[in-house]
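Hi everyone, thanks for coming. Please have a look at the picture first.

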Amino acid sequence: MGKLAEGLTAFSTNRWLVFVAAMWVQSMAGTTYIFGAISTVLKASLGYDQRQLAALGVAKNLGGCLGLVAGALSASQPAWVLLVVGAAQNFLGYGWLWLIVTGQAPALPLWMMCVVIFIGTNGQTYMITASLVTSIQNFPKSRGPTVGILKGFMGLTSAILTQVYTVLNTPDHAALIFMVAVGPSLVAVGLMFVIRPVGGHRQVRPSDKNSFMFIYTVCLLIASYLVGAMLVQDFLQPSYDVIVFLTVILFVLLISPITIPVILSLTPEKAQHLMEDGLLSEPLTGEASTSQQKEDQPEVILSEVEEEKSKETDSLPPSERRKRIAELQAKLVEAAARGGVRIKRRPHRGDNFTLMQAFVKADFWLIWLSLLLGSGSGLTVMDNLGQMSQAIGYKNAHIFVSLMSIWNFLGRVGGGYFSEIIVREHKYPRHIALTVCQIVMAVGHVLFAMAWPGTMYIASLLVGLGYGAHWAIVPAAVSELFGVQHFGAMYNFLILANPAGSFIFSELIVSNFYEHEAEKQAHQHQMSALLSPRLLRNTGFLADGPLKCEGPACFFFSSLIMSVFCAVAAGLSLLVVHRTKQVYPRLYSSVRT
């Protein structure tokens, strides 16, 4: 009985259990990605036109990115509070939307519908913040894989819910909206007491590498499954039993990571370590719980003695240097207690910054601008991929949308994996990996512009991988350079770069070039004496209707412009590398590989 109790205690305090639970919450938190599926239901049920749907899409994007309140709460409240708030908003917003679509609630004006969509989608920011902040606290020395895997699983929401909807085999299309309202909320509430800091050490455990490799394997299997299931269901029209079988495989893959905490808890020597970790009540500097900050205790960290130590200290071996700095810290604390010295509180890179303190740092804005240019151009491609493929003659545009979502998933997982190798094995800034990804994206944009036969597949691969990698590398780098204490607020400010970049590229560049080229083509057809009005209408080039553009010229200049801006983003990332290359050896000097 005693061993069983010890095993249960070890399991409940296992940080891998928390991480797996966070993965499940993330797999339900990407409600923004399913809007394309429910927009057709809204259009058919409420009679909306494309402009009205676009307004709802803007409200959806704002709801998914405006998470500053969630970030502020993460610095003062436990994770379960954020999950409850997120679940409540998700259920209220999408539940109300379901009632309206099914006729059980009266229809609302468009602006109120935008508010409803905003409330529902904004719930995901609380779920994402709780999962990311808690996992980074539990895995402070594995931030790349942690962020990459969590952000990757966020992209599975649409695939999971649509697969379940297919299994239900119901003619009620509004059932998908009901699933969006109930599914994520139930998962968040069910796991709200599991997702919490459990005293994860700074030191990397020997078993962590194998555990992460197992999850990476699961991610590759899920990506392969999604490709295979997409091809089978689109081209072979399988029976209902086959669809059920494919859905069971998906859920087995999603549940399989739970074997990691189970095995660790059942291993006696490892279970003892897990129990000791769970009993730790004093978090290390930079790993403090968001709900238990000890503001009243004086704390001296490395940055506070940087200006007090002698220059000879920098030339000492690392072990002797740490010993000398520790002695200086002790002297400063003793002198401060007597009132004989004033300890400086200005944080340096690697310490815990507040959001306002980060705002005055050039590194933070370089990272944000690089993210805006890189991810903004990638999101623009994702939003316009259907028109881009149709313009150059592909009729089955949804294949590229599906493939892009898979490359995005793999980019997030792979970006975290490879950037972690860079920082842990080479002690080099994580942004060097982002530089490579942005150069790859620049090449992808050039291929989109050229529109040679078959280049759509290669270009979507390059841009999808590069875009996904942004959301594994940048959050991890920010948590390293500016700390985890206020990481929630910083992350939710960072994601504002996504809609800002999309607005600049999509609304100001892509749309204008597309409309200009479409107007030119329509004018050329109207001036042609060979085209009758009937033929003109059949080709889609109407002066008083939606303009249609055909050919590589539709996105040629805009793709080249996005390629140039991706190159600029790579230059900004290189500047971040240059400015922070002295920080990473100190951050990862004690990591055992």
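Over residues 541-545, pLDDT stays under 50; pLDDT is the predictor's confidence in each residue, from 0 to 100. For that stretch the model has 9 contacts beyond four places in sequence, where a contact means heavy atoms within 4.5 Å.

Residues are numbered from 1 along each chain as its sequence is written, and side-chain values use heavy atoms, with hydrogens and water left out.

How confident is the predictor for the chain? The average pLDDT is 80, and 81% of the residues score at least 70. Over residues 278-309, however, the pLDDT is below 50, and this stretch has 71 contacts in the model beyond near neighbours in sequence. Where pLDDT is low, the predicted coordinates should not be read in detail.

Now the overall picture. The chain has 26 helices and 0 strands. Both are DSSP runs numbered from the N terminus, with at least four residues of H or I for a helix and at least two of E for a strand. Of the 593 residues, 52% count as buried. Buried means under 20% relative accessible area, exposed means over 50%, and partly exposed is in between, using a 1.4 Å probe and protein chains only. The accessible surface comes to about 26,400 Å², and 65% of that belongs to carbon and sulfur atoms; these areas come from the Shrake-Rupley method with a 1.4 Å probe, and for residues only the protein chains shown count as cover. Among contacts between residues at least 6 apart in sequence, 83% join residues at least 24 apart.

Let's go inside. The largest nonpolar core has 154 residues, and Phe19, Leu56, Leu97, Ile222 and Phe482 touch the most other members. Helix 21, residues 455-482, gives the most to this core, with 14 residues. A nonpolar core, by the way, is a set of buried Ala, Val, Leu, Ile, Met, Phe, Trp, Tyr and Cys residues joined through side-chain atoms within 4.5 Å. What does Ile222 touch, not counting residues up to four places away in sequence? Its partners are Phe153, Leu156, Leu253, Leu254 and Phe409.

Next, some polar residues. Asp208 is in helix 11, residues 206-235, and it counts as buried because its relative accessible area is 2%. The side chains of Asp208 and Arg15 are joined by a polar contact of 2.7 Å. A polar contact is a pair of N or O atoms within 3.5 Å; within protein, one must be able to donate a hydrogen and the other to accept it, and residues adjacent in sequence count only if both atoms are side-chain atoms. Leaving out residues up to four places away in sequence, Asp208 touches Arg15 and Trp16.

Thr380 sits in helix 18, residues 362-391, and is buried, with a relative accessible area of 1%. Its side chain reaches the backbone oxygen of Gly376 at 2.8 Å. Beyond four places in sequence, Thr380 touches residues including Gly501, Phe505 and Met562.

Ala21, in helix 2 (residues 15-29), is another buried residue, at 2% relative accessibility. Ala21 and Gly190 are 169 residues apart in sequence, yet 9.7 Å apart in space, C-alpha to C-alpha.

Which of its residues are buried? They are Ile260, Pro261, Leu264 and Ser265. These cover an arc of only 125° around the axis, so they are on the same side of helix 13; the arc is that of the directions from the helix axis to the C-beta atoms. On the other side of helix 13, Ile263 and Leu266 are exposed.

Finally, two loop residues. Lys427 has a phi near 55°, a positive value in a residue other than glycine, and lies in the loop between helix 19 (398-425) and helix 20 (431-450). Lys427 counts as partly exposed, at 23% relative accessibility. Ala451 also has a positive phi, of about 55°, in the loop between helix 20 and helix 21; Ala451 is buried, with a relative accessible area of 18%.

That's my tour, and I'm happy to take questions!
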